[in-house]
Amino acid sequence: MREIMKTKLVWLFWGALFSAATAAAQTPAPLLQNGLARPGIWLNGDWHYVVDPYDEGVRRRYPLNLSPAASTGVVEYDFAASPTLHVPGDWNTQRPELLLYEGTVWYEKSFEYHPRPGWRSFLYAGAANYRSQVWVNGNPLCEHEGGFTPFNCDATSLLKDGANFVVISVNDTRHADDVPALRTDWWNYGGLTRDVGIVEVPDSFIQDYSLQLQRGTGNRIAGWVRLAGAPATNRVTLDIPQLRIHREIPAPDGKATFEMEAAGLERWSPDDPKLYDVTLVAGNDRITDQIGFRTLEVRGTQILLNGAPVFLRGISLHAEAPLRPGRAHGDDDARTSFEWARELGCNFVRLAHYPHDEHTTRMADRMGLLVWSEIPLWQGIAWTAPGVSDKARRQLEEMIVRDHNRSSIIFWSITNESAKSAERNAFLHELATAARSLDGTRLITAATNQSSRPEPHKMVIDDPLIADLDVVGLNEYIGWYDGVPADLDLTSWSNPYDKPVIVSEFGGDARQGLHGDPSQRWTEEYQEDIYKHQIAALRKVAFIRGIAPWILKDFRSPRRQLPSVQDGFNRKGLISNNGEKKKAYFVLQQFYREAARDRGAATRSDGR
Ligand code: GCB
C-alpha cells in the first residue's frame, strides 16, 4: 500500500512539473526567409501517431514519449509500437477510420541529429492544421495556430548530439472564433500536411530579405536584408551573377538597404518566366534564391504587367492533390495541377481559399503563372469575437513574409464572400492596411459576392469593402445558384468603382460521364452551357480584366452529399477527381486560345 502511495505521489509530482513546463511553450520565432533552401535535416517520412479524441495526451505525458516497459508507473501509450502516418500528409486520407475525424492526433519522430557548434537549429513546419504544440526531447518548445502557413521555433537548447525525439500534437477542431470559422466548403484535412524538418543557421544569420524592381522603373533593383542573432557582422554581400552584380552593402543595426541599376535585365512574365540566382552572404550565413523581376500597377480599370495591360486567363484551385486523394503538397502535385492549367490556356491561378504550400508558389514562379494568394477569411467569420482579428492578421503576415519574393504573386486577397456589415468593413479595413504595410508592391484584392439587383437582370457591384481594394474579385453563380444559364444573355453589369474587376468565381456542378440535355442539372452538358453563356456575357463587359472560374478539379467537401452525383465532392471541377476532363474544360480552353491570340490584353477588339 505504501509503495502504491509513493508511486502515485511521484507521478503527481511529475504531472505538476510537466504541466508547468507545458505552460512555458513559446510562440514561434520570426519566420526564416527561404527555410526550404537552408541546411539541416528533413523529418519527412513515417511518424508514429496516437489519436486523442478526449485531449488527454498532456495529462498522460505523451510529450515525454515514455516506454511502458521501462517506466515504473502505468503508461498507457507507446509511440514505438503505434502505427505511422506519412508526413507531409493529412491524416484523413491515410486511414479510413480518420476520414471524418476532427480532434487531436499526436505525432512522434525519433531521429539522430548532430547540432553544429556555433549554429542554431530551428524546428520548421510548413503547415499543421489547425493548432499545434511542439515538444523536443520531452520539453515544450512552441505552439502555433493557423492551418496553412509555416512556422519555425528555435530548438537549439533542446536538441542533443545523438538520439532525439520530437512530439507534435495537432488539433483540427473547428471553432466559431477561428480562421476559417465553423463551416467551409472544403475538407478539414488535419495533421502535419507539409514538410517538417530542422533548419540550421549560423549564430548570426539572414532573417529575411526582399528584392524587386523599384516602383516606376523597369530595371532598377531595390531591396533590403535583415540580419538577426549575434551581431557578428555589419555587412552583406549580394551577387546576381547573370546580371554581373556584386555588391558589398553596409548593414548598420542589422539592416542593409540597396538599390542599383540592373543593365540588360530580362523581366519575368508568364511568356518568359525568367528567374535569376541571387546569393546573399552575411558572415557565415549564405543563402541562394531564384527571383524574378517584373512591374505591376493598376491604371483605372487596367492591370499593367511590365507596363502593358494584361487579361488574366485564370482558373481557381484548391490545394487538393491532383492524382490521389487528400491535401496537395510538394513539387509534383504543384507541377501536375499547373500543367493542367497551362494546357487550359491559363496565365493566372487563384489559389483558393488559403495559402497553398511554398512549393506551389515557387512552381508558379518557374512555370510562369500569375498568382492570387489568399487567407481563409471565408464566409461566416466572427468579426467581433476576441482574438479573431489577431488570428487573421497573423495568417496574413505569415503568408506575405513567406512569399514576398515570388514574382508570380500579384494579388494578396483578404477575404472571400463575407457579408456586408459595419464590423466586417472595419475589420477588413485594418487588414487591408496591414497588408499594404507588409508589402506595398502587390495589389490588394478580395472576392465579393455582394452585388445589388435594382432590376431582375441588372447586376451592380456594390460592396463598401471595395474602397479598400486595388482590384475587385467578383464571385457570381448566374446559371447555377442564381437562375439558369440563359439569364446571362439578359444580364447587364455595372461597376461604379473605377477599379479593375476579375470574375473570381463562376461555374456549376457536373458529374463527369453524366450526359443529357443541356437543361438537365449535374450533366456535363449543363455545365458546358453555363460556360458558353458566361463567356459570351463576360466578353461584352468592358471593365473585366480577367476570370478565374470555379474550379480546376472536383474537390472533397462534407456538405456535398447528393448520392451518385456528388458523393462527398464539390463537382464544379473542369476535371473530375480522377483526372478526366469534362466538356466545359474545352469551352474555356477555346476562349483562352482566342484571348491569348489577342496577346491576352483584351476580350474585345477595342484595345481594352
Ligand atoms: C462559392 C465559394 C466557394 C464554394 C463555391 C460553391 O461561392 O467561394 O468556396 O466552393 O461557391 O461551389 O458553392
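1. In this predicted model, the side chain of Trp378 places an N or O atom 3.0 Å from an oxygen atom of the ligand. With a cut-off of 3.5 Å for a pair of N or O atoms, this pair counts as a polar contact.

2. For Asn416, a polar side-chain atom is found 2.9 Å from an oxygen atom of the ligand. For Asn570, the distance between a side-chain N or O atom and a ligand oxygen atom is 2.8 Å.

3. How much of the ligand does the protein bury? The ligand taken alone exposes 320 Å², and 95% of that area is buried by the protein.

4. The surroundings of the ligand comprise 14 residues, and the closest are Asp185, His353, Glu417, Tyr481 and Lys572. Sorted by class, this shell holds five charged, five nonpolar and four polar residues.

5. A separate point concerns an open sheet of three strands, in which the order is S18-S19-S20 and the pairing is antiparallel. Its edges are formed by strand S18, residues 296-299, and strand S20, residues 308-309, each of which pairs on one side only.

6. Which strand pairs with S18 over four bridges? The partner is strand S19, which covers residues 302-305, and the two run in the antiparallel sense. Within this part of the sheet, Val298 has Ile303 of S19 as its bridge partner.

Technical notes
Residues numbered from 1 in each chain as written. Predicted model: local features only at pLDDT ≥ 70, side-chain atom pairs only at ≥ 80, totals over all residues. Heavy atoms only, no water. Near = heavy atom within 4 Å. Polar contact = N/O pair within 3.5 Å; in protein donor to acceptor, adjacent residues only side chain to side chain. Areas by Shrake-Rupley, 256 points an atom, 1.4 Å probe, with all protein chains shown as cover. Nonpolar A, V, L, I, M, F, W, Y, C, P; charged D, E, K, R; others polar. Pairing = 2+ DSSP bridges.
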